[in-house]
Amino acid sequence: MTDSTKTLCPYCGVGCGLEVSPPAQPGKPVNRDSQGYPTWKVQGDRAHPSSQGMVCVKGATIAESLNKDRLLYPMMRESLDRPFQRVTWEEALNAIVNRIQTVRFTQGPEAICMYGSGQFQTEDYYIAQKLLKGCLGTNNFDANSRLCMSSAVAGYIQSFGADGPPCCYDDLDLTDCAFLIGTNTAECHPIIFNRLRKHHKKNNGKVKMIVVDPRRTTTAEAADLHLAIQPGTDIDLLNGIAHLLLRWGYINSEFIDECTSGFPAYADVIRQYPPELVARKCGIKVDELEMAARYWGESKRVLSMWSMGVNQSSEGTAKVRTIINLHLMTGQIGNPGAGPFSLTGQPNAMGGREAGGLAHLLPGYRVVKNAVHRAEIEQFWGLPAGRISAAPGLSVWEMITGLEAGQVGFLWVAATNPAVSMPDLERTKKALWRSPFTVYQDAYYPTETANYAHVLLPAAQWSEKTGVMTNSERRITLCSAFREAPGEARADWEIFAEVGRRLGFTEQFKFANSAEVYAEFVQLTRKRPCDMTGVSHERLATEGPQQWPCPDRSSSAESQSQRLYTDFRFHTPDGRARFGAYHSRGLAEPPDPDYPFVLTIGRLYGHWHTQTRTGRIEKIRQMHPNPFIEIHPRDAGKLGIQEDTWVEVRSRRGMARFPAKVTEAIAPGTVFVPMHWGALWAENAEANALTHPEACPDSLEPELKACAVKLVPI
Ligand code: SF4
């Protein structure tokens, strides 16, 4: 193969276009990785509308991860204390099907669980929903998006009547005021940040940037105003800004009257947040709070952006809705440069939402609780009425507690690494160890979660299978295969479909290729908020990426709506967006005399999640060789901690050890640890050994961002 292939970066939700060409090109030296091995050349796709040729270090080095430590063939073992033996696909699939049938008829379908991933392509997600929720009749499919952006999903649904970020990346060039809360965009969504930063610099003084974060991150350093609030006081801050906007008359009464509901109850709440009280609770100055409110009030176009700092919270949905409230009271939505923009963590978490890839969802932005939605899907899938359960399935943490209680008889984990990424990791590992039968399907081996599997299935990954992904601005890109999968690896959707056929659902899984899977899926989006019936593999291949809504074949990219709600009508029954009035509840586990520090965890620029790929890329390993703990000099001084002193960090659940980085970038009383290191990469450096599973009651997203810890220098 000498031609280049256009595709999408498979790391984060920015969704940058890539152009990939083979190592050997006529007349050119062979392209080699940092260790000298021939490797595919990856560069930004200048024609991709979302990224215009830009890529960060992760996208640029992705090819180096493709051939290292791959899981090449199925393996099985009778128990977790025995070694794996290589088996054929036939043997592995028979074991899986037998186990599913046994569990189905002895414990019931609700004892069958699958935990998937925002790394899935939409076709993988869709076939998994059809198998679990349709054919097997259990809604126990959850994805690692539960740990990432399920609060944003719940917030959008509650405020607007439907999920879906209303904004687009062009808004980054058009805003007067960027309000970034709970997002280290510069490191975690670097290409979005580059674009925003360029606009901010070009319009020096005219365009404002506010960053809300307890850490002085690279993002915060670029801001006009950095509000280093106390962890857990986001709602106080947001209500305090709203209080001042109301007091100063910076509200859009016409928009509130004609396009929203619930404002009076909200106004009653925000009147209880005077600046002096809010500043004291948040640990900022009244001047700073007033400046933030003034920037909001005086800007014609405010674009707020958030990610895990907001979503991973025991009040995550309330935080999301409280951000949206500010947009509703000022009418800052549906117009260029304005709106509440959730930055998605994973490359295809958006596609997962579209395909119904959480335990309470069905394809096409439907929900399992809605009888009409269930009936529509059952009919379309050719299944008997009543097959889809009306009860939301288990969230991933509920799968863990289900394992503890002996209620889970079959667990299938694919393209994710819960033995590093779940909260309260020792408890998670103990529960995984108790699983009577776990299938682990991944591209790589070893991983931490493979230790808890009875069956290992080799998955083809990005570059080896064709499918689509949707990025944060609702843009759908075809990711074409451009190389053979190694060994016996197969695409995730093909494995799910094969199991479905062997279970007797031959009609439901008659697909020759992923284009047919996608063609079936988009029919379920017809006349839904995420209508993409005008999108197909063939169209994406010939016309390039498309943004939804894209309702029929004739809608061209130009005529599609870049933004949602441009007519100010929402998906609620009365067409009005809803205010949600919330008081702050604070952290689920605040610091106390025994555990006096707040630990916050997060990502670094180069690494991705649990390092399954990036830990195998030399350049990134050199960039971030070791984990560490950030601690303020004042706290370090009191504890006798100096730069590089090893610190034992203890929470009520576990312990980890890190060398100290003494820095004023972290607020006193708070410490920071990166979340990337699992047991495979370092000893006792797992951030999630410390975190707790207390979750938002609406989104069930755990509060991974904050827990109480104590520090002991060692
Ligand atoms: Fe990939 Fe995200 Fe980097 Fe873009 S910003 S190259 S999508 S990791």
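I will go through the domains, the strands and the ligand shell of this structure. This is a predicted model, in which local features need pLDDT of at least 70 and side-chain atom pairs count only at pLDDT 80 or more, while totals for chains, interfaces and linings use all residues. Residues are numbered from 1 along each chain as its sequence is written.

Domains to begin with. There is domain 1 (5–65), domain 2 (75–148 + 347–547), domain 3 (150–342) and domain 4 (597–713); these bounds come from an automatic or database domain assignment. Between domain 2 and domain 4, the centres, taken over C-alpha atoms, are 30 Å apart. Domain 2 puts 18 residues into the contact and domain 4 puts in 19 residues, where contact means C-beta atoms, placed from the backbone, within 7 Å. On the domain 2 side, helix 18 (418–421) and helix 19 (425–434) are the elements that give two or more residues. Helices (H or I, at least four residues) and strands (E, at least two) are DSSP runs, numbered from the N terminus. That side of domain 2 has nine nonpolar, four polar and five charged residues. Here Ala, Val, Leu, Ile, Met, Phe, Trp, Tyr, Cys and Pro count as nonpolar, Asp, Glu, Lys and Arg as charged, and the others, Gly among them, as polar.

An open sheet of seven strands has the order 5-4-18-17-16-6-7, with mixed pairing; two strands pair if DSSP finds at least two bridges between them. Strand 5 (85–86) and strand 7 (141–143) are the edges, each with a single partner strand, so one side of each has no neighbour in the sheet. Strand 16 (residues 410–414) and strand 17 (residues 438–442) are parallel, with four bridges, and Trp412 has Val439 in strand 17 as its bridge partner. Helix 2 (residues 89–106) lies across strands 4, 6, 16, 17 and 18, at about 125° to strand 18; that angle is between N-to-C directions, on a scale from 0 to 180 degrees, with axes fitted to C-alpha atoms, for helices over the stretch in contact.

Strand 1 (residues 5–8) runs antiparallel to strand 2 (residues 17–21), joined by four bridges. Strand 2 also pairs antiparallel with strand 3 (residues 41–44), again over four bridges. What is the bridge partner of Lys6 in strand 2? That partner is Glu19, and Glu19 in turn has Gln43 as its bridge partner in strand 3.

Last, the ligand. Among the residues around the ligand are Cys9, Cys12, Cys16 and Cys56, along with Lys58 and Pro190. Helix 1 (57–61) and helix 6 (190–202) each give two or more residues to this shell. By class, the shell has nine nonpolar, two polar and one charged residues.

Conventions:
Near = placed C-beta within 6 Å. Contact = placed C-beta atoms within 7 Å.
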